[in-house]
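Please have the sequence and the model open while reading.

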Amino acid sequence: MGAEVDLVVPVKTLDRAKSRLVGLDRSALALAFALDTVTAALPAVRRVVVVTSDRAVAAELRALGVESVAGPEGLNESLRFGWEVLRARDASSVVGALQADLPALRTAELAAALAAVTGRSFVPDRQGTGTTVLLSAPGGALDPSFGAGSAAAHAASGAAALIGPWPSLRHDVDTAEDLESAAALGLGARTAAVLAPVCG
């Protein structure tokens with residue numbers, strides 16, 4: 001793929017994040033997930049813009065040198081907002097939506113997936129029902145349909161499914177089981193640090 005790739009990453013306010021991770025420090029983990037995801041993504045793309053209204057998240061991103069913009073709270077609404085921000089800067093780029101809960105993400109795997117893109121496409125999660133990344137065609141619309149059954153929704157809207165040897169790109173985390181599965185791949189430094197007292 002010859003076009004430049006820019007990513008928008010949506011991050012909820014931390015007090016609303018990861019409600020299914022019962023018994024764990026959900027806010028700390030959500031922040032760690034986002035920072036590990038963004039850190040892994042940065043070398044694979046031209047720029048990352050995070051859409052968040054959480055000031056703590058924005059401050060941590062500034063420390064990484066990552067831009068954040070305040071936007072709407074709804075997932076698809078925030079992605080459309082981020083797409084508009086990025087599209088205004090470069091009308092010919094590929095804009096991708098990357099989920100913020102990929103704490104095992106490897107830069108090389110994201111780069112390999114991006115190299116396989118020829119048009120509007122998506123990477124399904126490990127269960128095959130959700131979506132971890134959605135990519136526009138060069139200069140095209142993103143048209144996100146995240147939520148329950150998003151893989152089928154994105155396929156029905158004409159996006160091509162990308163499935164390759166990229167396990168870290170397909171391991172998003174919503175539950176303790178998801179986290180255990182991602183941990184088997186190797187977690188990012190921030191997520192591992194948050195979990196260290198728990199894992200003893």
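In which helix is R170 found? R170 is found in helix α6, residues 167–170. The model is predicted: local features need pLDDT of at least 70 and side-chain atom pairs count only at pLDDT 80 or more, while totals for chains, interfaces and linings use all residues. Residues are numbered from 1 along each chain as its sequence is written, and side-chain values use heavy atoms, with hydrogens and water left out. Helices (H or I, at least four residues) and strands (E, at least two) are DSSP runs, numbered from the N terminus.

**R170**
- R170 has a relative accessibility of 17% and therefore counts as buried; buried means under 20% relative accessible area, exposed over 50%, and partly exposed in between (1.4 Å probe, protein chains only).
- Apart from neighbours within four places in sequence, R170 is in contact with V123, P124, D125, R126, G128, T132 and I163, where contact means heavy atoms within 4.5 Å.
- The R170 side chain reaches the backbone oxygen of P124 at 2.9 Å.
- Between the C-alpha atoms of R170 and E109 there are 10.0 Å, with the two residues 61 residues apart along the chain.

**A151**
- Helix α5 (residues 150–156) contains A151.
- A151 is buried, at 7% relative accessible area.
- From A151 to L86 the C-alpha to C-alpha separation is 24 Å, and the sequence separation is 65 residues.

**S78**
- S78 lies in helix α3, residues 75–89.
- With a relative accessible area of 3%, S78 is buried.
- Leaving out residues up to four places away in sequence, S78 touches P10, V51 and P72.

**Helix α2**
- In α2 (residues 55–64), the buried residues are V57, A58 and L61.
- These buried residues fall within an arc of 95° seen down the axis of α2, so they line one face of the helix; the arc is that of the directions from the helix axis to the C-beta atoms.
- An α-helix has 3.6 residues a turn, so residues three or four places apart point the same way.
- Exposed residues R55, R62 and A63 are carried on the face of α2 turned away from its buried side.
- The cover over the buried residues of α2 includes α1 (26–41), β2 (47–51) and β3 (67–69).
- At the start of α2, a side-chain oxygen of D54 comes to within 2.9 Å of the backbone nitrogen of A56.
- Just after α2, G65 takes a positive phi of about 80°.

Terms used:
Polar contact = N/O pair within 3.5 Å; in protein donor to acceptor, adjacent residues only side chain to side chain.
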